[in-house]
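Hi everyone, thanks for making time today. I'd like to walk you through a structure that may be new to you, starting with the whole chain and then turning to some single residues.

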Amino acid sequence: MLSGDRRALGEIADELARREVFCRWVKVDVASHSPQMDALRDDLLKRIDGVSGQPPRIPMYSTVTGEPIDTSTLDAGYWFRNLRQTVRFEDAVRALLADGHGTFVECSPHPVLTIGVQQLVDDQDVIVTGSLRRDTGLERMLESIAEVHVRGGAVDWSAFVPKGHRVALPTYPFDREDYWLVAGSTGDA
């Protein structure tokens, strides 16, 4: 993703179109992660002054620093840097992988980061999935949770379906019979 001066980005978009490379504009008034954010700095800091984090219950890896961060330090300044600075997404994903994390679920109304994560972990035994898709709901969420489960990820089904219970599968064995003709056999077909 690129951000910055609209004219310069237009030239890049035109060149990508000439090369038949897909790109599209994101409809925003101000380009995050660019100098355009500087004009909003003072107003934004004033509006979110007093925002603070709490000590983490689970680790958080910051795309501002690219590494684990103590969430109790997440003040207004951090959130401005989050909007202004370059996103260190790859650094954060690599730090997660180095620390042994192997399941990545993008929690958003439409996954856009799963492709980037998948490209970073393509040769590793890692689970990468979204949670929802545009114009879908509970069924898509269940599919995503099931995908994590069947790929070996830990899913706490009781948290998702608190009144659910396990159902026994049939105990009879599945018969394995061939129905192919054996070479040299005769008989009615």
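**A first look at the chain**

Of the 189 residues in this protein chain, 22% count as buried. Please keep in mind as we go that this is a predicted model.

Let's start with the overall layout. The chain has 7 helices and 4 strands. Reading from the N terminus, the order of the elements is α-α-β-β-α-α-β-α-β-α-α. How does the radius of gyration compare with the globule rule? The value is 25 Å, well over the 16 Å that the rule gives for 189 residues, so the chain is more spread out than a compact globule. Along the principal axes, the C-alpha atoms fill a box of roughly 85 × 50 × 35 Å.

Now a word on contacts and surface. If we take contacts between residues at least 6 apart in sequence, 47% of them join residues at least 24 apart. The accessible surface comes to about 15,100 Å², and carbon and sulfur atoms account for 54% of that.

There is also a record to mention. UniProt, in an unreviewed entry, lists residues 1–136 for "domain: Malonyl-CoA:ACP transacylase (MAT)". In the model, that stretch is 35% helix and 7% strand, and its end C-alpha atoms lie 25 Å apart.

Which residues make it? They are Leu138, Leu142, Trp157, Phe160 and Val161, and together they give a patch of about 420 Å². Two elements, α6 (138–150) and α7 (157–160), each contribute two or more residues to this patch. Let's pick out Phe160, which is found in helix α7. With a relative accessible area of 33%, Phe160 is partly exposed, because that value falls between the 20% limit for buried and the 50% limit for exposed.

On to the backbone. Most residues other than glycine have a negative phi. Here are two residues with a positive one. Glu20 is not a glycine, yet its phi is about 60 degrees. You'll find Glu20 in the loop between α1 (6–18) and α2 (41–47), and it is exposed, at 75% relative accessible area. Asp135 also has a positive phi, near 60 degrees. Asp135 sits in the loop between β4 (127–129) and α6. Is Asp135 buried or exposed? Its relative accessibility is 82%, so Asp135 counts as exposed.

Last topic: charged pairs. Side chains of opposite charge can pair when their charged atoms come close. How many salt bridges does a search of the whole structure find? The search finds 9, and I'll show you a few.

In helix α2, Asp43 and Arg47 are 4 residues apart, about one turn of the helix. They form a salt bridge, with 2.9 Å between the closest N and O atoms. Asp43 is partly exposed at 39%, whereas Arg47 is exposed at 66%.

Another bridge links Asp91 and Arg88, whose closest N and O atoms are 2.8 Å apart. Both partners are partly exposed: Asp91 at 35% relative accessibility and Arg88 at 36%.

Finally, shared partners join Glu15, Arg18 and Arg19 into one network of salt bridges. Within this group, Arg19 pairs with Glu15, and their closest N and O atoms are 2.7 Å apart. Arg19 is exposed, at 59% relative accessible area, while Glu15 is partly exposed, at 29%.

Technical notes: Residues numbered from 1 in each chain as written. Predicted model: local features only at pLDDT ≥ 70, side-chain atom pairs only at ≥ 80, totals over all residues. Heavy atoms only, no water. Patch = residues over 30% accessible without salt bridge, like charges linked within 9 Å, V, L, I, M, F, W, Y side chains within 5 Å. Areas by Shrake-Rupley, 256 points an atom, 1.4 Å probe, with all protein chains shown as cover. Salt bridge = Lys/Arg side-chain N within 4 Å of Asp/Glu carboxyl O. Buried < 20%, exposed > 50% of the residue type's maximum accessible area, 1.4 Å probe, protein only. UniProt positions renumbered as here; feature names shortened; annotations may be inferred. Rg over C-alpha atoms; globule rule 2.2 N^0.38 Å. Contact = heavy atoms within 4.5 Å.
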